[in-house]
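Dear colleague,

Please find the structure below, as a sequence together with its coordinates. My notes on what was found follow directly after it.

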Amino acid sequence: MAFGSRAAGKHRGSSRLSRKTAGYAGIAALATTGVVGSIAAPAFAADGKAPSMEDTGLNAVVVAEDLQGEIQTQADSQQRAAEIAAAKAQAEADAKQQAAEAKRVAEAKAKAERDAAERAAREEERKRLNTFVAPVEDSYVSTQWHAGGGMWSSGSHTGIDFHAATGTTVHAVGAGTVVESGNGGAYGNNVVIKHNDGTYTQYGHMSSLSVSVGQEVTAGQQIGLSGSTGNSSGPHLHFEARTGPQYGSDIDPVSYLRSHGVNV
């Protein structure tokens with residue numbers, strides 16, 4: 001019986017030792033992973049005793065929960081940082097897009113303004129080139145077109161006469177190019193201008209001329225001074241409208257001027 005009791009005692013003693021060893025091993029494992037190392041060390045130092053399995057397990061759970069909380073906090077912080085970075089990147093992208101759109105709108109507006117200015121300039125130039133004026137200011141027609149009489153070699157007047165004292169400024173009625181400037185026989189000192197619409201005008205009996213052949217002129221530009229040179233009975237301006245530069249291609253000067261907006 002005594003032998004049997006010793007055997008049983010040894011068996012029980014061995015079991016307690018194994019459990020105790022296993023407990024220490026568990027604590028060592030937790031300490032190795034850093035979970036309870038900081039907690040177990042002060043416990044040993046305080047009383048020199050190894051913590052019980054119950055203390056070790058509870059502390060391990062508390063530490064694990066704390067560690068999990070820290071991990072979650074860090075993850076949340078990283079998530080917020082990522083969201084902030086993404087929002088910043090999106091804001092920068094939106095700002096670039098808005099800037100690009102603003103630039104496009106500004107460029108389109110500038111182009112539209114340039115185009116409008118160019119159209120206005122072209123229209124102004126067109127008006128300038130197509131503007132006509134009377135050859136003599138504040139005057140009147142003293143002799144009508146096709147008036148009869150022996151004064152004219154053709155038997156009738158091929159133009160109209162404007163009343164004008166000697167030295168009165170004579171204007172080009174419209175823009176064009178001077179094709180004749182000088183003595184024109186019966187016309188005296190005369191100028192012939194080819195206009196942009198292909199018609200011609202002639203200015204006769206002038207006392208002096210101020211343009212030359214090939215010169216470009218504009219409506220209202222001075223081309224000479226009125227007089228009584230050539231076959232003339234007194235100072236005046238002889239004015240003709242023609243389909244060509246030569247004598248005999250005359251058309252009604254009054255109708256011609258009125259068709260170009262000149263009231264005579």
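In these notes, a residue is called buried when its relative accessible area is under 20%, exposed when it is over 50%, and partly exposed in between (1.4 Å probe, protein chains only). By that definition histidine 205, at 5% relative accessibility, counts as buried.

Please note that this is a predicted model, in which local features need a pLDDT of at least 70, side-chain atom pairs count only at pLDDT 80 or more, and totals for chains, interfaces and linings use all residues. Residues are numbered from 1 along each chain as its sequence is written, and side-chain values use heavy atoms, with hydrogens and water left out.

Overall picture

The pLDDT, which is the predictor's confidence in each residue on a scale from 0 to 100, averages 82 over the chain, and 75% of the residues score at least 70. Residues 1–46 call for caution: pLDDT stays under 50 there, and the model has 24 contacts beyond four places in sequence for this stretch. A contact here means heavy atoms within 4.5 Å.

The chain has four helices and eleven strands; these are DSSP runs (H or I of at least four residues for helices, E of at least two for strands), numbered from the N terminus. Of its 264 residues, 25% count as buried. Among contacts with a separation of 6 or more, 57% are between residues 24 or more positions apart.

Salt bridges

A salt bridge is defined as a side-chain nitrogen of Lys or Arg within 4 Å of a carboxyl oxygen of Asp or Glu. Three were found in the whole structure.

Glutamate 101 and arginine 104 form one of them, at 2.7 Å from N to O. These two residues are three apart in helix H3 (residues 53–130), so about one helical turn separates them. Glutamate 101 is partly exposed, with a relative accessible area of 38%, and arginine 104 is partly exposed at 48%.

Lysine 111 and aspartate 115 form another, with an N to O distance of 3.0 Å. Both lie in helix H3, four residues apart, which is about one turn of the helix. Lysine 111 has a relative accessibility of 46% and counts as partly exposed; aspartate 115 is also partly exposed, at 24%.

Arginine 242 is joined to glutamate 240, with the closest N and O atoms 3.0 Å apart. Arginine 242 and glutamate 240 are both buried.

A nonpolar core is a set of buried Ala, Val, Leu, Ile, Met, Phe, Trp, Tyr and Cys residues joined through side-chain atoms within 4.5 Å. The largest one has 23 residues, and Val191, Ile193, Tyr203 and Ile223 have the most contacts inside it. Strand E2 (160–162), strand E5 (189–195), E6, E10 and helix H4 (253–259) each supply at least two residues of this core. Leaving out residues up to four places away in sequence, isoleucine 223 touches Val170, His171, Ala172, Val191, Ile193, Tyr203, Leu209, Ser210 and Val211.

Two strands are said to pair if DSSP finds at least two bridges between them. An open sheet of three strands, in the order E3-E9-E7, is antiparallel in its pairing. Strand E3 (169–171) and strand E7 (208–209) are the edge strands, each pairing on one side only. Two bridges link E7 to strand E9 (residues 222–225) in the antiparallel sense, and serine 208 has leucine 225 as its bridge partner in E9.

Individual residues

Aspartate 138 is found in the loop between H3 and strand E1 (141–143) and counts as exposed at 83% relative accessibility. Histidine 205, in contrast, is placed in strand E6 (residues 200–206) and is buried.

Histidine 238 lies in strand E10 (residues 237–242) and is buried, at 4% relative accessibility. Its side chain makes a polar contact of 3.2 Å with the side chain of aspartate 161. A polar contact is a pair of N or O atoms within 3.5 Å; within protein, one must be able to donate a hydrogen and the other to accept it, and residues adjacent in sequence count only if both atoms are side-chain atoms. Apart from neighbours within four places in sequence, the residues in contact with histidine 238 include Asp161, Tyr187, Tyr203 and His205.

Yours sincerely
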